[in-house]
Amino acid sequence: MTYDYDKEAVRFFLENQGQLFPETVAEDEDDAIEFLDICMAAVCDNIREVREYMDGYGVDITGMSKTELEEAEEVFCLPDGRYLVVMG
């Protein structure tokens with residue numbers, strides 16, 4: 001898990017921020033990085049890291065399947081198989 005956001009994660013968030021927020025929270029990559037930093041978003045390599053991260057935030061994920069976690073609005077499934085989790 002990392003709190004560094006590569007271009008792929010930032011661009012994917014910019015294009016899909018409507019998944020989590022009804023209004024635009026970032027207009028460009030710099031805005032997105034700043035927003036993700038404020039939210040302490042994380043890039044996770046696998047679903048186990050997603051579980052650990054969400055559990056650390058106190059989110060009740062007990063009994064949630066992989067699919068249910070992937071469908072959570074806070075979880076962005078990146079095209080390369082990683083996950084961006086935004087608890088904002």
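Q: What makes the link between the side chains of Arg82 and Asp80 a polar contact?
A: The term requires a pair of N or O atoms within 3.5 Å; within protein, one must be able to donate a hydrogen and the other to accept it, and residues adjacent in sequence count only if both atoms are side-chain atoms. The side chains of Arg82 and Asp80 are joined at 2.7 Å, so the pair is called a polar contact. This is a predicted model, in which local features need pLDDT of at least 70, side-chain atom pairs count only at pLDDT 80 or more, and totals for chains, interfaces and linings use all residues. Residues are numbered from 1 along each chain as its sequence is written, and side-chain values use heavy atoms, with hydrogens and water left out.

Q: Which residues is Arg82 in contact with, leaving aside its neighbours within four places in sequence?
A: Contact means heavy atoms within 4.5 Å. By that criterion Arg82 touches Asp6, Glu8, Val43, Cys44, Asp45, Phe76 and Cys77.

Q: What links Asp6, Glu8, Asp80 and Arg82?
A: These four residues belong to a network of salt bridges, a salt bridge being a side-chain nitrogen of Lys or Arg within 4 Å of a carboxyl oxygen of Asp or Glu. Glu8, in helix α1 (7-16), also reaches the backbone nitrogen of Asp80 with its side chain, at 3.5 Å. The C-alpha atoms of Glu8 and Asp80 are separated by 8.8 Å, although the two residues are 72 residues apart along the chain. At 32% relative accessible area, Glu8 is partly exposed.

Q: What makes the meeting of Glu29 and Arg11 a salt bridge?
A: The N to O distance between their side chains is 3.0 Å, which is inside the salt-bridge limit. Glu29 lies in helix α2 and Arg11 in helix α1, so the pair ties together parts that are 18 residues apart in sequence. Glu29 has a relative accessible area of 25% and Arg11 one of 42%, so each is classed as partly exposed. The count for the model comes to seven salt bridges.

Q: How do you know that the buried residues of α3 line one face of the helix?
A: Ile47, Glu49, Val50, Tyr53 and Met54 are buried in α3 (47-56). Seen down the axis, they fall within an arc of 150°, the arc of the directions from the helix axis to the C-beta atoms, so they line one face. Asp55 and Gly56 are exposed on the other side. The buried residues pack against α2 (29-39), β1 (42-44), α4, β2 and β3.

Q: What makes Asn46 a cap of α3?
A: A side-chain oxygen of Asn46 lies 3.1 Å from the backbone nitrogen of Arg48, at the N-terminal end of α3.

Q: How do you know that α2 has a buried face?
A: Ala32, Phe35, Leu36 and Cys39 are buried. Their arc about the axis of α2 is within 100°, so they line one face of the helix. The face turned away carries the exposed residues Asp30, Glu34 and Ile38.

Q: Why are Met1, Tyr3, Met40 and Tyr57 called a patch?
A: Patches are made of residues with over 30% relative accessible area and no salt bridge, with like charges joined within 9 Å and nonpolar side chains (Val, Leu, Ile, Met, Phe, Trp, Tyr) within 5 Å. Met40 has 48% relative accessibility and Tyr57 a relative accessible area of 38%, so both pass the accessibility cut-off. Together the four residues form a nonpolar surface patch with about 410 Å² of accessible area, computed by the Shrake-Rupley method with a 1.4 Å probe and, for residues, only the protein chains shown as cover.

Notes
Helix = DSSP H or I, 4+ residues; strand = E, 2+ residues; numbered from the N terminus. Buried < 20%, exposed > 50% of the residue type's maximum accessible area, 1.4 Å probe, protein only.
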